[in-house]
Amino acid sequence: MDELRIRIAKVVDTYQEQIVATLREWVRISTQNPPGERYVELVERIVPRFAALGFDARRVDVPPEVFEQRSRAHYPELVGPRPNVLARLAQPGKPGLLWYCHLDTVPVGDAAQWTIPPLEGVIKEGRVWGRGTADSKAGCVAALAAFELLRDLGIALAVSPVVALTTDEETGPYTGLMYLADQGTFRDCAWFHSLDGAAGAVGVANAGAFTWTIRVRGKSVHSGFSPLGVNPIEHSLVLLEEILALKRAVQERVSAIPASPAVAARGGGSHLRGLLNVNIAHGGYKHNIVPAEFVIEGDRRFLPEEDEEAAIGELRAAVERARARDPLLDAALRIRPFYTSYALPMDHPWALHVRRVAEEVTGHEHPIIGSNGSSDVAHVARVTGIPTVKLGVNRPGETNHHGIDENVRIADVLSLVKIICVLAATTE
């Protein structure tokens, strides 16, 4: 492996300009989700590049009826077709290895709060800045660049690569990757490397998640006659108290799976933990009107050791306790599914192999960890049983994925290209 690694490392830096140019190009094609309007444009730029490498590359759409029933029914703001890139390069007699990353991004939000333009792919301080750079277009670019490099070097592949660059991961609850898995697309794959992961660590587990919305109904009146109405914001006090009490109990639950050292260093705990978050609250539209409704929303991250239905039941019970405390509380809870959890044993040979390759390529330790984030990768791991790890370019607290001024280290993208190359050219 040493000779191969050195050979690849000598060449990767000469590809930097091309890799960065591709990432900037893809960042400029806004695939914010919701709504996902420009998916087709990006997918149709990528497919020919894999085809030029000899891959059987094609666009695969989630059927409209499946999308409507399993995604848009939960998120009506999603619009347009749901295309995905699927590329295969068959190597007779060699096992399949699946690489995946997602093409959609979270919304920019208020662009005025960014210090750099969010959709231009600005290069500064050894990084590329913009929405989707770290999460996760850099991973998509790394997959393409790795196979371009291997082709140019004439390095024989030890595996039959399958590359899935898919859409809708940021909203779910049913994505292009999940659809492909359910169609048996990955049945010949022996291993799975998700490029939507952290840099400097090998991920073997994800928390699961669901989102929740509570609508508190009141009676709207002129605020000068407020005793004649029912203020849903004020009557939400007991509801928030019950949710926060449950939040404290949930966060006492700790997984056996360690968290990222970067997360632990910032006070996130040494191991994965259960989470219950209140993330959105809105109600009212004028100072002198008692509002008719107050809406509270959030999510619940459940550990691989937890049961999703039990977690939903706990939240329902909290709402019922609040109703019992305040007879005027008129609250309706809605649960929207997101992703399940998954966990690969930390000593699994695939996890150890990926760690060994990553450490040899980068010269840095790569602990085996889990993530409190949630991903459609978990569905694939559960449905297919393929050993699954995550290793990408995200750095919690630094790359600002999902936040303002998202960015990625160019050096991390180049390291990921090297890792993919070595994995493609070797076996366990």
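## Helix 2 and helix 12

Helix 2 (residues 16-28) and helix 12 (residues 410-425) cross at roughly 110°, and their axes come within 11 Å. Angles from 65 to 115 degrees count as roughly perpendicular, and helix 2 and helix 12 are therefore roughly perpendicular to each other. On the side of helix 2, the contact is made by Gln 16, Ile 19 and Val 20; helix 12 contributes Ile 410, Val 413, Leu 414 and Val 417. Sorted by class, these residues comprise six nonpolar, one polar and no charged. The model described here is a predicted one.

## Helix 1 against helix 12

Helix 12 also packs with helix 1 (residues 2-12), at an angle of about 145° and with the axes 10 Å apart. The crossing of helix 1 past helix 12 is right-handed.

In this contact, Leu 4, Arg 5, Ile 8, Ala 9 and Val 12 of helix 1 meet Leu 414, Lys 418, Cys 421, Val 422 and Ala 425 of helix 12. Eight residues of the contact are nonpolar, none is polar and two are charged.

Three strands in the order 4-5-18 form an open sheet with antiparallel pairing. Its edges are strand 4 (122-124) and strand 18 (407-409), each of which pairs on one side only. From one strand to the next, the twist averages 25°.

Strand 4 pairs with strand 5 (residues 127-129) in the antiparallel sense, over three bridges. Within this pairing, Ile 123 stands opposite Val 128 of strand 5. Helix 2 lies across strand 4, strand 5 and strand 18, and runs at about 10° to strand 5. Helix 12 likewise packs on the sheet and touches strand 4, strand 5 and strand 18; the direction of helix 12 makes about 60° with that of strand 18.

## Helix 3 and helix 5

A further helix pair consists of helix 3 (residues 39-51) and helix 5 (residues 133-153), which pack at an angle of about 20° with their axes 10 Å apart. This angle makes helix 3 roughly parallel to helix 5. Helix 3 passes helix 5 in a left-handed crossing.

The residues that meet are Leu 42, Arg 49 and Phe 50 from helix 3 and Lys 137, Ala 143, Leu 144 and Glu 148 from helix 5. By class, the contact of helix 3 with helix 5 divides into four nonpolar, no polar and three charged residues.

Strand 6 (residues 160-166) is largely enclosed by the rest of the structure, because seven of its seven residues are buried. In a regular strand, side chains alternate between the two faces of the sheet. Both faces of strand 6 are covered: Ser 160, Val 162, Ala 164 and Thr 166 are buried on one side, and Pro 161, Val 163 and Leu 165 are buried on the other.

Strands of a sheet pair through backbone hydrogen bonds, either parallel or antiparallel. Strand 6 pairs with strand 2 (residues 83-88) in the antiparallel sense, over four bridges, and Ala 87 stands opposite Val 163 of strand 6. With strand 3 (residues 96-102), strand 6 pairs in the parallel sense over seven bridges. Here Leu 98 stands opposite Val 162 of strand 6.

Note on methods. Residues numbered from 1 in each chain as written. Predicted model: local features only at pLDDT ≥ 70, side-chain atom pairs only at ≥ 80, totals over all residues. Heavy atoms only, no water. Axes fitted to C-alpha atoms, helices over the stretch in contact; angles between N-to-C directions. Helix = DSSP H or I, 4+ residues; strand = E, 2+ residues; numbered from the N terminus. Parallel < 35°, antiparallel > 145°, perpendicular 65-115°, else oblique. Contact = heavy atoms within 4.5 Å. Nonpolar A, V, L, I, M, F, W, Y, C, P; charged D, E, K, R; others polar. Left-handed = near helix turned anticlockwise from the far one by under 90°. Pairing = 2+ DSSP bridges. Buried < 20%, exposed > 50% of the residue type's maximum accessible area, 1.4 Å probe, protein only.
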